[in-house]
Structures are given as structure tokens and as C-alpha cells.
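Here's a quick briefing to read alongside the model. Have the viewer open as you go through it.

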Amino acid sequence: MSRYYLTTAIDYVNSRPHLGTAYEKVTADVIARYKRLAGFDVHFLMGNDEHSQNVFKKATEEGFHNNPVAYCDRMEKQFTSVWKALNCSYNDFIRTTQPRHRAAVQKLAQAAYDAGDIYEGVYEGWYCVSCEAFKPEKDLVDGKCPIHPTLTPEWIREKNYFFRLSKYRDRLLKHFEAQPSFLEPEIRRNEILRLLDAGLEDISMSRAGQSWGVPLPFDADSVVYVWFDALINYATAVGYGTDDAQFAKWWPADLHVIGKDITRFHTVVWPAMLWSAGIEGPRQVFGHGWLHYGGQRMSKSLGTSVDPMEAAAPKFAPDAGPDPIRLYLTKEITYGSDGDFTWERFEERYNVDLANNFGNLVSRVVSMADKYRAGRIAAAGDGGRLADVAGAALTRYRTAMDAFALHEGVAAAYELIDATNGFIADNAPWKLAKDSANAARLDAVLFEAAEAVRIAAVLLQPVMPSSCDEILRRIGAPVTGAALRLGHAAWQPSGERTTVAGAPMWPRSETASSRREIIVSEPAAPAPPPAPTAVAPAPTEAATADARIGIEDFLKVELKVARVRAAEAMPKSKKLIRLLVDVGEPEPRTILAGIAEGYQPEQLVGKTIVIVANLKPRPMMGTESNGMVLAASGPGQPPILVAADDSLPPGTRVG
Ligand SMILES: [Zn+2]
């Protein structure tokens with residue numbers, strides 16, 4: 001079995017992680033789980049960076065004057081509890097204060113010293129304490145670090161040891177040329193190539209007069225500079241300096257997943273350090289973008305941070321666990337680019353992608369298997385169009401995931417989910433069930449839908465491990481959990497499955513605003529104003545009687561369950577959205593609905609709603625509307641559609 005060693009950046013422990021930090025760990029975990037699915041023997045490393053002056057200061061502030069390690073112990077528990085809540089499947093968690101790391105740092109520093117790459121000098125310059133890095137004058141903005149505009153950098157002059165980075169410039173250039181995929185995505189590579197073209201200066205690798213850190217093996221009065229120390233963690237964790245056999249097995253690392261702001265350290269400084277010590281450099285580095293919060297950089301000091309623990313148990317779906325946020329972070333952000341998070345958007349995507357789409361599909365397939373075949377379904381043929389779609393989705397998924405286009409990998413799985421929804425609508429199992437002459441066809445439709453759901457769950461397992469295992473169980477998949485391999489995502493045209501019914505996987509979230517009085521709203525018609533209380537005269541008996549209708553009148557109105565297949569805003573209208581809805585008829589219907597003030601068109605796709613099905617067609621704005629949706633709206637409030645349970649097939653009569 002091929003091995004795959006991947007790492008995340010290690011974090012300073014001067015504060016708890018926010019969702020931006022968690023973004024890196026979750027996406028790296030998706031890669032780790034994908035590699036396991038693809039059959040690799042995976043070693044996934046995460047950890048904490050403790051030899052930082054920020055950490056030392058914070059420990060002192062918190063009362064750990066003589067024992068910063070005790071503070072780091074406490075923070076380690078906090079960090080790992082967050083990573084566990086997000087279901088990160090790391091194999092090892094390193095801390096840079098561990099004895100194994102001290103051994104590795106001293107070994108590598110000594111090796112570089114022996115190679116003649118470390119020399120003594122004096123350093124003078126601006127130092128950002130928060131970055132723990134020297135800042136060239138030209139990089140400062142108004143005299144401040146561009147990443148920490150609230151802090152004034154310190155002017156430092158001290159005896160330092162320098163690492164001869166300049167010596168490795170040509171080798172680095174050649175390396176980047178020979179290994180075009182060494183640094184991904186491409187935009188990051190271009191940044192580093194420009195830097196190399198401009199030439200490299202030697203860098204400080206020690207700090208004088210400090211006790212917090214690993215002492216230099218050749219000068220015990222200095223400690224190793226925190227960045228030089230931290231990078232070595234990747235080698236420490238697989239045995240450098242302590243276990244040669246382990247190190248031979250796992251080094252070089254296959255992938256370092258890091259933030260885009262630290263690519264220089266990882267693709268210039270780190271390979272040069274390794275080369276100096278006679279070790280191979282890492283094979284690949286991926287520099288992801290930043291996760292913003294409502295368009296702003298996520299930062300505790302700016303008050304724009306999100307607690308990952310809250311995201312792993314969101315108020316709108318407290319029992320859903322970490323899978324919805326894992327899906328959001330993977331699906332909604334182009335991996336490598338910056339992305340954005342808001343609670344509103346998170347809830348919206350939860351409803352669209354999980355409650356209304358994948359979760360609804362699982363419920364429908366399992367409930368139809370239960371209803372029509374007592375939960376026992378069997379293959380009946382090779383699978384037609386849907387099997388082809390599944391094959392194409394698997395190919396696209398592999399290509400995307402292998403290239404770390406995680407968002408495209410998820411999109412490929414969702415194409416299969418969408419096609420399966422369409423397949424069910426087209427084949428209308430509830431109609432086939434009415435005539436026993438269609439029994440074989442119904443068998444095939446049920447099995448194929450279940451098989452497509454199974455494959456989608458295999459593809460999404462790295463992203464939503466717990467939920468997909470539960471879906472595989474419900475769908476009666478023969479293989480689940482850690483035994484799953486990518487080969488199981490191939491269409492299996494044989495066998496018998498027993499489905500298991502259960503509560504909805506992801507119940508639709510109900511915001512407070514949706515629990516309002518229900519009225520039937522005409523498209524584009526404003527809601528009637530509320531009757532003033534107290535001053536209104538009591539209605540006369542006659543008026544009350546006139547307003548009532550008999551049951552025979554109500555029965556004239558045909559209310560039906562419909563599922564939205566497509567939606568688009570009507571040009572030149574602030575209120576109207578054109579819907580294409582499945583009402584269980586051979587062709588979907590077009591309905592114009594006056595709901596644009598309450599919904600974006602893309603929010604509507606997949607929703608299960610109620611319509612008046614026997615309304616006479618009405619021409620509106622150059623389109624013919626064939627029916628009317630039911631929506632509720634309070635005075636001055638945007639309309640909210642009347643939702644039906646997602647397990648109801650389109651066309652079900654309401655009344
Ligand atoms: Zn800074």
C-alpha cells in the first residue's frame with residue numbers, strides 16, 4: 001500500500017482557534033479521508049506551536065509565570081476538543097515543547113551548522129511580535145505590520161545566528177521548474193517565483209536572551225527562532241532525531257496544507273533547511289485562502305471571529321453534528337481562494353443542500369422502498385442513464401480530488417444527487433406502484449435510485465463521514481465505514497439490499513420568521529392590512545355567515561404537493577419568480593409566484609411546496625402561469641412559502 005503523509009500548519013496557542021483556523025483543519029481532513037478512501041496508508045499530522053513569545057506572554061498573563069508548559073497543556077485540551085468536535089481524523093498531534101521535537105530541532109540545527117550554513121551576525125530591523133517575524137521596511141504600511149495594523153512593530157538589534165538561505169536560491173528555482181506542482185494553486189507559485197527572481201537574503205535563525213525555546217546545540221545562550229523551530233515539527237513527528245526507521249518510512253511529506261500567508265516559509269525556507277541537513281524536501285505544498293466572516297478578515301481582536309464549536313452544533317440544527325459545516329467549508333469555497341462565512345448563508349445552504357436535497361432524497365428513496373417493497377430491493381438490470389451519470393460523476397470526482405479541487409469533487413457528487421432527483425420525478429414510482437404490470441420496472445427504479453444514493457454517499461464520505469455512514473446503513477449498502485474504498489463507488493448492478501427507515505437526516509431548519517399565520521397569497525398581491533383591534537365593530541351575524549364557505553366549495557380547490565425543479569427571477573419584476581415545479585405530471589409546470597422579496601431563486605430549487613393545481617392558466621408578463629403557490633406573509637413581511645413534508649411525492653393531494 002502506498003503511504004501518504006500530510007500535515008496542517010501548527011497553531012500558536014495564545015487563543016482558542018476560530019473558524020478560519022478550523023477551515024484549514026477540516027479541508028486537510030477531507031484530503032486525508034479521501035486518500036484513505038483511495039487506498040493510501042495515511043499519516044495525518046496536526047499540532048500546536050508553543051515556542052512563541054506570544055504564547056509565553058499569554059501564559060504569564062494567565063498566571064503561569066514559571067510554567068508556560070502547564071498553560072500549553074491546558075490549551076492543547078481546548079484545541080483537540082475543537083478538532084474532535086469537527087471530526088478531524090489526525091493520527092498524531094505534535095506539540096513543539098515535546099522532548100521528541102527538542103531532539104529533532106537540535107539535530108537539524110547542528111546538521112546545518114556542520115554544513116557551514118549557519119553563521120553569527122547582528123540583526124537589526126522591525127519585528128512584528130504577533131507574526132513572530134522580522135518585517136522589511138518596504139513591507140510596512142504606515143509603519144505597521146500589514147497583517148496586524150493595530151500593533152507597532154519593535155525595532156530590534158541583537159546578536160543572531162543566520163541561516164545561509166541565499167545559497168539555495170538557484171536550487172530552489174530549479175526545483176520549482178522541475179516540479180510544477182510543488183506549490184499549488186498556481187497563483188501562489190507565481191508569487192514565490194517573483195520572490196526568487198528578486199534574490200534571497202540570509203535569515204535569522206536564533207533569538208538571544210530568551211529562555212522559551214530550544215537552545216542552540218552550538219550556543220546555549222540562544223534559542224532557535226520560533227519559525228525555524230516550528231517547521232521542523234513535520235520531520236519530528238515521523239521520527240527525525242528519534243526513530244530512523246519511522247523517518248525512512250514516512251519522509252518526505254507528501255503534502256503540507258497551509259495558509260497562503262506562510263507559503264514562503266514552507267516552499268523556500270523549509271526545503272533549504274532540509275537540503276542543508278541532507279534531507280529531501282517535501283513533495284507538495286498547498287496554500288489555501290482565508291475564510292472571511294461577512295466579508296471581513298476573521299480576527300478575534302476585530303470581533304469578527306466565529307467559534308468552531310458553535311458551527312459544529314449550529315442553533316438551527318443542534319443535532320446535526322459537524323457535517324453541515326464541513327460541507328459548507330468544502331463546497332462553498334473554491335479551494336485555494338478566499339471564502340466567506342455568514343450564519344445566514346450557512347443556514348440557507350443547510351436547507352438547500354442537506355434538508356431539501358440530499359436528506360430529502362434519502363428519505364424518499366428509503367420510504368418508497370419501505371412502502372412498495374417492504375424495505376427489500378433487488379437489482380433488475382444493468383442500470384441505464386443513471387448508471388452512466390454515476391460513472392461520469394466518479395471520474396470527475398477523482399480528477400478534482402486528486403488536484404485538491406475539493407469544491408469540484410463535492411459538485412460532482414451533487415450532480416449525481418440532482419440527477420437522481422430528476423430520475424425519480426421522471427419515473428414516478430408512485431404511479432408505477434398503482435399497476436402490478438409495472439412491478440419489474442418499479443423494482444428497477446427503486447434499486448437504481450438507491451444505488452445512486454449509495455454512490456453519492458461514498459463520494460461524500462470524506463466530507464461528511466458520520467452522515468454518509470448513516471446514509472449507507474439506511475440504504476442497505478454492503479460496505480460502510482472505514483472499509484470503504486473508492487472502488488465501491490462503481491455501479492453495482494447486482495445484489496439485494498435491505499433499507500432501514502429513520503427520522504429525517506437533516507430536518508429543515510425553521511427560523512422564527514417562518515412561523516407566521518398562513519394565508520393564500522395571490523402572485524404580486526400585497527397581504528391585506530391587519531384589522532385594527534379594539535376599535536373594530538364586531539362582525540354582524542350575516543357578514544360572518546357570508547364569509548364562510550361549505551366543504552363542497554373547498555373541495556373545488558385542488559391543492560397539491562409540488563417540488564421546485566428550477567427557479568429564475570422575472571426580468572423587470574421586483575416580486576415575481578418564475579418556477580418550474582414537478583406536480584407528479586408528465587411535464588413540469590410553470591408558475592409565476594410573487595415571492596421574490598422573500599427568496600433568491602437558487603434557494604427555491606428542491607423545496608417541497610403546496611400549490612393550487614386547478615387554477616385556470618393566466619398570462620402574466622409574457623408567460624403563462626399554471627397554478628398558484630401557497631405562501632404566508634405577515635404585514636410588511638416578505639412572503640414565506642407553505643412547505644410540505646419532503647417525503648411526500650409531488651402530486652400528492654392536500655386537503
Ligand atoms: Zn504581524
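What follows covers a metal site, some aromatic pairs and a surface patch.

This is a predicted model, where local features need pLDDT of at least 70, side-chain atom pairs count only at pLDDT 80 or more, and totals for chains, interfaces and linings use all residues. Residues are numbered from 1 along each chain as its sequence is written, and side-chain values use heavy atoms, with hydrogens and water left out.

**Zinc site**

- The zinc ion gets its protein donors from Cys 128 (SG), Cys 131 (SG), Cys 145 (SG) and His 148 (ND1), at 2.1 to 2.3 Å; donors here are N, O and S atoms within 2.8 Å of the metal (3.2 Å for Na, K and Ca), and water is not among the atoms, so sites may look incomplete.
- For reference, the ideal angle for four tetrahedral donors is 109.5 degrees.
- Along the sequence, the zinc donors follow the spacing C-x2-C-x13-C-x2-H.
- Cys 128 in strand β5 (residues 118-128) and Cys 145 in the loop between β6 (133-135) and β7 (154-163) link distant parts of the chain, 17 residues apart; helices (H or I, at least four residues) and strands (E, at least two) are DSSP runs, numbered from the N terminus.
- Cys 128 counts as buried because its relative accessibility is 2%, and Cys 145 is buried at 2% too (buried means under 20% relative accessible area, exposed over 50%, partly exposed in between, with a 1.4 Å probe and protein chains only).

**Aromatic pairs**

- The whole structure holds 36 aromatic pairs; rings of Phe, Tyr and Trp (its six-membered ring) pair if their centres lie within 6.5 Å, with planes under 30 degrees apart counted as stacked, over 60 as edge-to-face and the rest as tilted.
- One of them is Tyr 4 with Phe 40, edge-to-face at 5.7 Å centre to centre and 65 degrees between the planes.
- Tyr 4 is buried at 7% relative accessibility, while Phe 40 is partly exposed at 26%.
- Phe 163 and Tyr 168 are stacked because their planes sit at 10 degrees, with ring centres 6.1 Å apart; both residues are buried.
- Ring pairs also tie Tyr 293, Phe 316, Tyr 328, Phe 341, Trp 343, Phe 346 and Tyr 350 into a cluster.

**Helix α20**

- Phe 554 lies in helix α20 (residues 551-554), and at 32% relative accessibility Phe 554 is partly exposed.
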